[in-house]
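These are my notebook entries on one structure. I record what I looked up, topic by topic.

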Amino acid sequence: MKTSEAGEKTRNFIEEIIERDIESGKHGGRVLTRFPPEPNGYLHIGHAKSICLNFGLAQKYGGKTNLRFDDTNPTKEDVEYVDSIKEDIKWLGFSWANEFYASDYFEQLYQWALDLINKELAFVDDQTQEEIRLNRGTVTQPGKNSPFRDRSVEENLDLFSRMRAGEFPDGSRVLRAKIDMAHPNMLMRDPILYRIIHAHHHRTGDEWCIYPMYDFAHGQSDSIERITHSICTLEFDVHRMLYDWFIEKLEIFPSHQYEFARLNLTYTVMSKRKLLQLVQENFVDGWDDPRMPTICGLRRRGYTPESIRTFAERVGVAKRDNIIDLSLLEFYLREDLNKRAERRMAVLEPIKVIITNYPEDKTEDIHAVNNPEDEAAGKRTIPFGREVYIERNDFMEEPPKKFFRLAPGREVRLRYAYLIRCNEVIKDENGEVVELHCTYDPESAGGKSSDGRRVKGVIHWVPVKHAIKAEVRLFDRLFQNEDPNDVPEGTDWKTGINPDSLKVIEGFVEPSLANAEPLQSFQFERLGYFNVDYDSKPNKLVFNRTVTLRDSWAKISTKK
RNA sequence: UGACCCAUGGUGUAAUGGUAGCACAGCAGAUUUUGGUUCUGUCAGUCAAGGUUCGAAUCCUUGUGGGUCAACCA
């Protein structure tokens, strides 16, 4: 929870509403929210915000949250999605009170449709889809009544039951509410309640061939479950009038809808349509590609549920459109990983160092702390020998100002091991540095100088003899521009895709990583946080770079 | 162009008629066997114009800017 400087609690507008409701005794102080995904795709970070909001609110006010699948369109939905959605919610750390489906309510919804027909508030329309569209008018012009609008209750009842019985082909008839074709809110211009779809539904099979529209299912489903606070995103604002209309006409439990602004992140897209396109057109390797903003993608990338939850809580809940800095998400990720990820050493772009005064066949154990933020994480040993790999960019033949790593004649600390000094630079015929000949100070075991001289540079290393080769996947942002949706008229949004969002390299890691398991996270010292990919095997390690460490040297050096 | 929603530093969010605060990002410094972490400092904001009021980010009006709505999608 956020607190102001004085320490008193501040609430978002939904929390204020709930507190007011509890105080006034509305619903007997009861709080019941719901998370209502349509099982037609994978969940992304935007859904995570909604999940954290719905479940978080219930937790905060002693209530519960239902998981309800909004499965009213059989042509788009599948159990595959149901399963992944459940997995993702659980992974985020939430448990639902009940698992419901809008399709559980199909019979009740049908009865309510009958009810509306009997009240002369609904009618069967024989117009074609095209005619309906044309007669709806536009945002500035009123629509025209359907010629079938005044059918008798008996005829409507007959036709609607025959729609259900399967007597008519897809698209031939719909059931519409009878409201007002001149209403300024387009949603109120005799909205469609039921359409005919002869398709197999992932739960109800072939039991139905008419399916309710979102508007005729969502509010009533809330009502059936006695949801007290139905929270959704801004674009449903205009639907609220209809939501309330059904509740009023049907005289059912008055759930209420509240809208908040959906989450947007810089350098990524969030719409299901665009995400699907990225997958189908092979810009990424699938829904769980670590570059995707999907929950499964973030999980594979190495994000922790805790960091996502903290992020969701801290971005706030309001009604204005927003686009949040990816760096805020990364901040909470690093904050979390810093506390829990064990440190390891890995060299991504190696250059060999030979310590000329170190005995050829000697190996000794170096003790390294696993996590300076957590003493309980203990220590591990790393073998040290005459040859080690260091990072290529930790050496510069002609070091610029403020560079305090290795250079000819300079001394640097090999982390946890010894101080070494570079004496000789070996190059190949192209002038490329291939090897560094150094000497070590035998008195500097553990990396401490015996005479008190200060050595500022500390670099990581991996022993050549015990190094394990590993594939390392380096990810960068998927888009080059902050707002990939903001492209000039007529330009494809995909032109903004970053062609270098994935770089696969071969590096070396220290031997203690030999048995690392998929999804385990580590900090490779001075490089970043990396986790083990699903593709990893004991003899073929694969690491994903989750996020780099903050790097103030990179800032200094690129500024020049 | 109609209806509705929204407008506070670069980004996000608080202040509920009474001192515009917090976080991220940026910048500067201290500490450091990770150029990490931690700590300190710093830059920077109420869309505009009127009105109400002792007092307005907050209420009202108008304007401006952004968003949503014209699927038998959700």
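I count two strands as paired if DSSP finds at least two bridges between them. Helices (H or I, at least four residues) and strands (E, at least two) are DSSP runs, numbered from the N terminus.

Conventions. The model is predicted: local features need pLDDT of at least 70, side-chain atom pairs count only at pLDDT 80 or more, and totals for chains, interfaces and linings use all residues. Residues are numbered from 1 along each chain as its sequence is written, chains are lettered from A and ligands numbered from 1 in the order in which they are written, and side-chain values use heavy atoms, with hydrogens and water left out.

Entry 1, the four-stranded sheet. I found an open sheet of 4 strands with antiparallel pairing, in the order E4-E5-E6-E7. Which strands stand at the edges? They are E4 and E7 (210-212); each has a single partner strand, so one side of each is left without a neighbour in the sheet.

I then followed the pairings. E4 (residues 122-125) runs antiparallel to E5 (residues 174-177), and 4 bridges join the two. Phe 123 has Arg 176 in E5 opposite. E6 (residues 192-196) and E7 are likewise antiparallel, joined by 3 bridges, and Arg 195 faces Tyr 211 in E7 as its opposite residue.

For burial I used relative accessible area: buried means under 20%, exposed over 50%, and partly exposed in between (1.4 Å probe, protein chains only). In E4, Ala 122 and Val 124 point one way, while Phe 123 and Asp 125 point the other way; all are buried.

Entry 2, the seven-stranded sheet. I traced a second open sheet, of 7 strands and mixed pairing, in the order E10-E23-E24-E25-E21-E22-E11. E10 (342-344) and E11 (346-347) stand at its edges with a single partner strand each, so one side of each is left without a neighbour in the sheet. E11 pairs with E22 (residues 502-509) in the antiparallel sense over 2 bridges, and Ala 346 stands opposite Val 509 in E22. Helix H12 (residues 326-340) packs on this sheet, touching E10, E23 (521-524), E24 (528-532) and E25 (541-548). The direction of H12 makes about 125° with that of E25. Contact here means heavy atoms within 4.5 Å.

Two packed helices are described by the angle between their axes and the distance between the axes. The axes of H1 (residues 13-24) and H2 (residues 45-60) come within 12 Å and cross at roughly 35°. I noted that Ile 14, Glu 15 and Ile 18 in H1 meet Leu 53, Leu 57 and Lys 60 in H2. These contact residues divide into 4 nonpolar, no polar and 2 charged; Ala, Val, Leu, Ile, Met, Phe, Trp, Tyr, Cys and Pro count as nonpolar, Asp, Glu, Lys and Arg as charged, and the others, Gly among them, as polar.

Rings of Phe, Tyr and Trp (its six-membered ring) pair if their centres lie within 6.5 Å; planes under 30 degrees apart count as stacked, over 60 as edge-to-face and the rest as tilted. By this rule I have 26 aromatic pairs. Trp 245 and Phe 246 form an edge-to-face pair, 5.5 Å centre to centre with 80° between the planes, and both residues are buried. Phe 384 and Tyr 418 form a tilted pair, 5.4 Å centre to centre with 50° between the planes. This second pair links distant parts of the chain, 34 residues apart: Phe 384 lies in E14 (residues 379-384), and Tyr 418 in the loop between E16 (411-414) and E17 (419-427). Phe 384 is buried at a relative accessible area of 1%, and Tyr 418 is buried at 5%. I also recorded one aromatic cluster, whose members include Phe 106, Tyr 110, Trp 208, Trp 245 and Phe 246.

Is Gln 277 buried or exposed? Gln 277, in helix H9 (residues 272-280), is buried, with a relative accessible area of 18%. Gly 137, in the loop between H5 (129-135) and H6 (153-165), is partly exposed at 22% relative accessibility.

Key. Axes are lines fitted to C-alpha atoms, for helices over the stretch in contact, and angles run from 0 to 180 degrees between N-to-C directions.
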